[in-house]
Amino acid sequence: MTTPTPPATLTQDELKTLVGQAALQYVVPGEIVGVGTGSTVNKFIDALATMKDQIKGAVSSSVASTERLKALGIRVLDSNDVDALSVYIDGADEIDGQGNMIKGGGAALTREKIVAAQSAKFVCIADASKLVTALGKFPLPVEVIPMSTRRVIAQFAALGGTAQVRLKDGQPLVTDNGQHIVDVTGLQITDPRGFEAEVSQWPGVVTVGVFAFQKADICLLGTPEGVRTLSY
Ligand code: 5RP
């Protein structure tokens with residue numbers, strides 16, 4: 001008796017590769033593309049290398065992505081030297097049914113928000129585990145100026161959240177911008193735009209990891225059945 005072959009299941013890494021490759025269809029030949037940060041974006045950068053001669057270059061959202069782009073022979077431009085980008089491709093830690101996201105798991109949220117704001121279209125690439133009904137399960141990253149950390153932590157406590165400074169090798173992680181990150185748990189973000197607007201004006205907050213004003217226009221979601229395209 002032969003045992004039926006189980007359906008092939010894709011690993012999370014393979015799902016990331018799938019969506020990274022699928023994102024190539026949104027890259028406009030002859031233009032400059034906005035590039036995010038993270039393990040999913042790394043798959044996109046690897047795929048982008050196959051069409052590097054068809055684009056003018058990339059605007060990058062982190063030192064890590066810049067290094068990867070350059071190592072693959074893709075020109076990286078400063079965002080100040082570029083007017084508008086037609087498309088920005090980046091991952092997310094969570095994305096809801098309206099395209100609102102939590103980002104910053106890789107500590108690159110500030111530059112990610114800047115490049116997203118410069119871009120006409122945000123294409124989010126994510127595996128299916130990132131799709132949520134409401135934001136807030138993933139610890140919310142907030143980039144802060146170090147002297148404001150204690151006060152910002154107290155402000156999140158007043159909202160019912162618990163904030164902790166992100167550490168690396170036992171010390172506060174230092175972002176590409178020379179600042180620190182606090183990660184906040186215990187929040188239910190039912191009004192992403194209102195939340196982003198409020199926290200963004202707290203003294204010392206550089207960037208809050210809720211992307212509601214710079215939300216995704218499209219999400220390429222890696223599922224066991226293949227890539228699902230969600231439009232918002
Ligand atoms: C980095 C980010 C990333 O896009 C986010 O953390 C998702 O990363 P990954 O693709 O590795 O799951 O916001 O700051």
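In this predicted model, Asp 169 turns up in the loop between strand S10 (167-168) and strand S11 (171-172). With a relative accessibility of 75%, Asp 169 counts as exposed, because the cut-off for that label is over 50%. The backbone here is worth a look: Asp 169 has a positive phi of about 50 degrees, even though it is not a glycine. Most residues other than glycine have a negative phi.

Ala 107 is another case of this kind, with a positive phi of about 65 degrees despite not being a glycine. Its setting is the loop between strand S6 (101-102) and helix H4 (109-117). The accessibility of Ala 107 is 11%, so the residue falls under the 20% limit and counts as buried. So Asp 169 is exposed, whereas Ala 107 is buried.

On to the ligand. There are 17 residues around the ligand, and those that come nearest are Ser 39, Thr 40, Asp 93, Gly 104 and Lys 130. Several polar distances can be listed for the ligand's oxygen atoms. A polar backbone atom of Gly 106 is 3.2 Å from an oxygen atom of the ligand, and for a polar backbone atom of Ala 108 the distance to a ligand oxygen is 3.1 Å. As for cover, the ligand on its own has 380 Å² of accessible area, and the protein covers 91% of that.

Next come the aromatic rings. The count of aromatic pairs comes to 2. One of them is formed by Tyr 88 and Phe 122, whose ring centres are 5.0 Å apart and whose planes meet at 90 degrees, so this pair is edge-to-face.

Leaving aside residues up to four places away in sequence, Ser 119 touches Leu 85, Val 87 and Tyr 88. Ser 119 has a relative accessible area of 13%, so it is buried by the under-20% criterion. Its side chain also reaches back to the backbone oxygen of Val 115, at 2.7 Å.

The charged end of Lys 113 sits over the ring of Phe 211 at 4.9 Å from the ring centre. The charged end of Lys 103 also sits over the ring of Phe 211, in this case 5.5 Å from the centre.

Finally, there is Gly 30, found in the loop between helix H1 (12-22) and strand S1 (32-35). At 39% relative accessibility, Gly 30 is partly exposed, because the value lies between the 20% and 50% cut-offs. Again not counting residues up to four places away in sequence, Gly 30 touches Gln 54, Ile 55 and Lys 56. Gly 30 and Ala 128 are 98 residues apart in sequence, and their C-alpha atoms are 31 Å apart in space.

Key:
Residues numbered from 1 in each chain as written. Predicted model: local features only at pLDDT ≥ 70, side-chain atom pairs only at ≥ 80, totals over all residues. Heavy atoms only, no water. Buried < 20%, exposed > 50% of the residue type's maximum accessible area, 1.4 Å probe, protein only. Polar contact = N/O pair within 3.5 Å; in protein donor to acceptor, adjacent residues only side chain to side chain. Contact = heavy atoms within 4.5 Å. Phe/Tyr/Trp six-rings, centres within 6.5 Å; stacked < 30°, edge-to-face > 60°. Lys NZ or Arg CZ within 6 Å of the ring centre and 35° of its normal. Near = heavy atom within 4 Å. Areas by Shrake-Rupley, 256 points an atom, 1.4 Å probe, with all protein chains shown as cover. Helix = DSSP H or I, 4+ residues; strand = E, 2+ residues; numbered from the N terminus.
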